[in-house]
Amino acid sequence: DRAPDLAHDYRFTIWQDLGPLLAQQPWFGHGLGAFESVYPLAASLDLPLEVRLVHPDSSVAKLVIEWGLVP
């Protein structure tokens, strides 16, 4: 088995981008369903315009961004 290549795994890049979003609205989040609209503001991934990221590949991360730390 090979060790995972974390430098090229898009999930880790997405999760790193979530830190600034959480810092903006830590307690009550950005709002239910807001991930799709707020993630592009913090994204460091160079995604084509036709690609829309609607989920960070982690339910916990999505809930924290949308609902905050005090649901």
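Author: A residue counts as buried under 20% relative accessible area, as exposed over 50%, and as partly exposed in between (1.4 Å probe, protein chains only). This is a predicted model, in which local features need pLDDT of at least 70 and side-chain atom pairs count only at pLDDT 80 or more, while totals for chains, interfaces and linings use all residues. Residues are numbered from 1 along each chain as its sequence is written, and side-chain values use heavy atoms, with hydrogens and water left out.

Reader: Thanks! Is Asp57 buried, exposed or partly exposed?
Author: Asp57 lies in the loop between helix 2 and helix 3. Its phi is positive, about 65°, although Asp57 is not a glycine. With a relative accessible area of 38%, Asp57 is partly exposed.

Reader: Which pattern does the chain follow along the sequence?
Author: Helices (DSSP runs of H or I, at least four residues) and strands (runs of E, at least two) are numbered from the N terminus. The chain has three helices and zero strands. Read in order, the pattern is α-α-α.

Reader: How do helix 1 and helix 3 lie, roughly parallel or roughly antiparallel?
Author: The axes of helix 1 (residues 10–24) and helix 3 (residues 59–67) come within 9 Å and cross at roughly 25°. Here axes are lines fitted to C-alpha atoms, for helices over the stretch in contact, with angles from 0 to 180 degrees between N-to-C directions. Angles under 35 degrees count as roughly parallel, over 145 as roughly antiparallel, 65 to 115 as roughly perpendicular and the rest as oblique. So helix 1 and helix 3 are roughly parallel.

Reader: Which residues of helix 3 does helix 1 meet?
Author: Contact means heavy atoms within 4.5 Å. From helix 1, Leu18, Leu21 and Leu22 take part, and they meet Ala61, Val64 and Ile65.

Reader: And how do helix 1 and helix 2 lie, roughly parallel or roughly perpendicular?
Author: The axes of helix 1 and helix 2 (residues 35–42) come within 9 Å and cross at roughly 95°. The two helices are therefore roughly perpendicular.

Reader: How many charged residues are in the contact of helix 1 with helix 2?
Author: Ile14, Asp17, Leu18 and Leu21 in helix 1 meet Phe35, Val38, Tyr39 and Ala42 in helix 2. Ala, Val, Leu, Ile, Met, Phe, Trp, Tyr, Cys and Pro count as nonpolar, Asp, Glu, Lys and Arg as charged, and the others, Gly among them, as polar. The contact holds seven nonpolar residues, no polar residues, and of charged residues, one.

Reader: Which residues does Leu32 touch, not counting those up to four places away in sequence?
Author: Leu32 sits in the loop between helix 1 and helix 2, and its relative accessible area of 67% makes it exposed. Leaving out residues up to four places away in sequence, Leu32 touches Glu66 and Trp67.

Reader: Does Thr13 count as buried or exposed?
Author: Thr13 belongs to helix 1. Apart from residues up to four places away in sequence, Thr13 touches Ser44 and Leu45. At 18% relative accessibility, Thr13 counts as buried.

Reader: Last one: what percentage of the residues of the chain count as buried?
Author: Among contacts between residues at least 6 apart in sequence, 68% join residues at least 24 apart. Of the 71 residues of the chain, the buried ones make up 25%.
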